[in-house]
Amino acid sequence: MSEPRPKTLRLLFPQWQGGYDETEYPGQIYAFGARLLAFLAPESPAPAIEVPVPAWHEGTDAPEEGGVFFRSALLAQARAAAKILQEHRPDRVLTFGGDCLVSQSPLAYLNERYEGRLGVLWIDAHPDITTPADFNHAHAMVLGNLLGYGEPGLANLVKKPLSPSQITYVGVDSMFGHESAFLAEHGLNRIESTAVRADSGPVLEWIEKSGFEQVFIHLDIDVLDPAFFRSQLFANPDVDEYIESEHGKLRLHEVARLLQDVDRATTVAGMSIAEYMPWDALNLKKMLASLSFMH
């Protein structure tokens, strides 16, 4: 007799405030990317719920509160996502974002639901353990919040913080000094891009040794090499200079193989896809909207 399918919830989370971008189109690319991701995902009988996020519009102010852009809005959206999850009580949560902070509420919910017996595979070019003392964009603080650090207000929403022993990074190859110090102090496991380029062995070994009953996957699109995958922060065609930060080094087929291998090796309790930034599609959308005969 086959086991019953897990109760799955799809969460559309078009959050943009955590990664607020001061480009020509601030606040639009993250939300557009989230909706396009949800469209690209295969059809499923799982219910899909949208987390309410105010849309950016011309003239939107970008308040910096406590060293963080849009702190009040982000707190409200995290609470709204948590409320949806508590109402539906899914076994599995698939989240289409939005900036990286969209992973906080699903992962906090699942860690509580599985009583800490949850491995976390953080596939990202960045460790996401920044604090307001270092940076004013909250998407870089999400894993710090989940560990009980990061931004205090957001961290306080996490009822059962993660333990560093639950987490393995994939793709974090180099870091700023404060990030390296945090990882060393807390003993966070890290697997570099080169170690998974040919096969998924190091990740599968971690899964086997950990004994976790479930695994949550956070996939930040910027783990991909921008020379080959252009729909991401570091391939914005309208920016001459990018912020000083690490770029991804993996190819899409390498990440696809890794995810397929993890899927075969364990039960995936959740996955968040974040920071998908389809610049060409957004620019084409804007061109079409500018034509009077299209309306």
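This is a predicted model: local features need pLDDT of at least 70, side-chain atom pairs count only at pLDDT 80 or more; totals for chains, interfaces and linings use all residues.
Ground rules. Residue numbers start from 1 along each chain as its sequence is written, and side-chain values use heavy atoms, with hydrogens and water left out. Local features need pLDDT of at least 70, side-chain atom pairs count only at pLDDT 80 or more, and totals for chains, interfaces and linings use all residues.

Strands first. Helices (H or I, at least four residues) and strands (E, at least two) are DSSP runs, numbered from the N terminus. Two strands pair if DSSP finds at least two bridges between them. S1, residues 8-13, runs parallel to S5, residues 92-97, with 6 bridges. Leu-9 has Val-93 of S5 as its bridge partner. S5 also runs parallel to S10, residues 268-274, with 4 bridges. There, Phe-96 is bridged to Ile-273 of S10.

Now the cavity. The search uses a 1 Å grid over the protein atoms alone; a cavity is a set of points where a 1.4 Å probe fits but cannot get out, and lining residues have an atom within 4 Å of a point. Points are joined across faces, edges and corners, and volume is the space filled by probe spheres set on them. How many cavities of 30 Å³ or more are there? The count is 1. The largest cavity has a volume of about 40 Å³.

What lines it? Phe-13, Leu-101 and Leu-154 are among the lining residues. Helices H2 (71-88) and H3 (104-113) each supply at least two. H2 gives the largest share, 3 residues. The lining divides into 5 nonpolar, 4 polar and no charged residues. Here Ala, Val, Leu, Ile, Met, Phe, Trp, Tyr, Cys and Pro count as nonpolar, Asp, Glu, Lys and Arg as charged, and the others, Gly among them, as polar.

Terms used. On a 1 Å grid over the protein atoms alone, a cavity is a set of points where a 1.4 Å probe fits but cannot get out, and a pocket is an open set with protein on both sides within 12 Å along at least five of seven lines; lining residues have an atom within 4 Å of a point.
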